[in-house]
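This report describes a single protein chain. Please keep the sequence and the coordinates at hand while reading.

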Amino acid sequence: MKRIAIFVERMERALNFYRTLGLEIPASADEEQHVEVEQNGLILAFDTWEMAEGILGGSEKPVGYRMEIAFQFDSREALDELYRQLTAKGYTGYLVPQDTPWGEGYAIVKDPDGNLISLVA
């Protein structure tokens, strides 16, 4: 199984964002230092920076855009509605929903730690 690790500053803040994207994450995970969520054969692992420092040996804190993850939606309407919900909750819109030349709906929001999250329909 493939795993993607996402380093977060504050676990609860990060998990609330990903819950809005549809990930099922129990509220009990909010206080953890390490959380794993399986999604369609992929594990998203969330680690606080303190946890990562212990594993990486005090590495330099990441800065700026470190990754981009895309979430696929069944319709342009679902994409538009989620973008509206996320920005209404105060998350930063990076690219407003639009049509791509290849016929997909596409938007980008930033998660609470500055990662770019693509919304595609």
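The text below goes from the overall fold to the core and then to single residues.

The structure is a predicted model, in which local features need pLDDT of at least 70, side-chain atom pairs count only at pLDDT 80 or more, and totals for chains, interfaces and linings use all residues. Residues are numbered from 1 along each chain as its sequence is written, and side-chain values use heavy atoms, with hydrogens and water left out.

**Overall fold**

The protein contains 3 helices and 7 strands, arranged from the N terminus as β-α-β-β-α-β-α-β-β-β. Its radius of gyration is 15 Å, close to the 14 Å given by the globule rule for 121 residues, so the protein is as compact as a globular protein of that length. Helices here are DSSP runs (H or I) of at least four residues and strands are runs (E) of at least two, numbered from the N terminus. The radius is taken over C-alpha atoms, and the globule rule is 2.2 Å times the number of residues to the power 0.38. Along the principal axes, the C-alpha trace spans about 45 × 30 × 30 Å.

Of the 121 residues, 38% are buried; buried means under 20% relative accessible area, exposed over 50%, and partly exposed in between (1.4 Å probe, protein chains only). Contacts (heavy atoms within 4.5 Å) with a separation of 6 or more come to 51% from residues 24 or more positions apart.

**Nonpolar core**

A nonpolar core is a set of buried Ala, Val, Leu, Ile, Met, Phe, Trp, Tyr and Cys residues joined through side-chain atoms within 4.5 Å. The largest one has 27 residues, and Tyr18, Leu21, Phe46, Ile117 and Leu119 touch the most other members. Elements that each supply at least two residues of this core include strand 1 (2-8), strand 4 (68-72), helix 3 (76-88) and strand 7 (116-120). Helix 1 gives the largest share, 5 residues.

**Residues in and around the helices**

Helix 1 covers residues 11-20 and includes Thr20. The buried residues in this helix are Met11, Ala14, Leu15, Phe17, Tyr18 and Thr20. Just after helix 1, Gly22 has a positive phi of about 105°.

Leu79 belongs to helix 3. Between Leu79 and Ser28 there are 28 Å in space, C-alpha to C-alpha, and 51 residues in sequence.

| Residue | Relative accessible area | Class |
|---|---|---|
| Leu79 | 0% | buried |
| Thr20 | 16% | buried |
| Asn40 | 75% | exposed |

Asn40 sits in the loop between strand 2 and strand 3. Its phi is near 55°, a positive value in a residue other than glycine.

**Contacts**

The following contacts leave aside neighbours within four places in sequence. Thr20 is in contact with Leu82, Gln85, Leu86 and Lys89. The contacts of Leu79 are Phe73, Pro97, Gly105, Tyr106, Ala107, Leu119, Val120 and Ala121.
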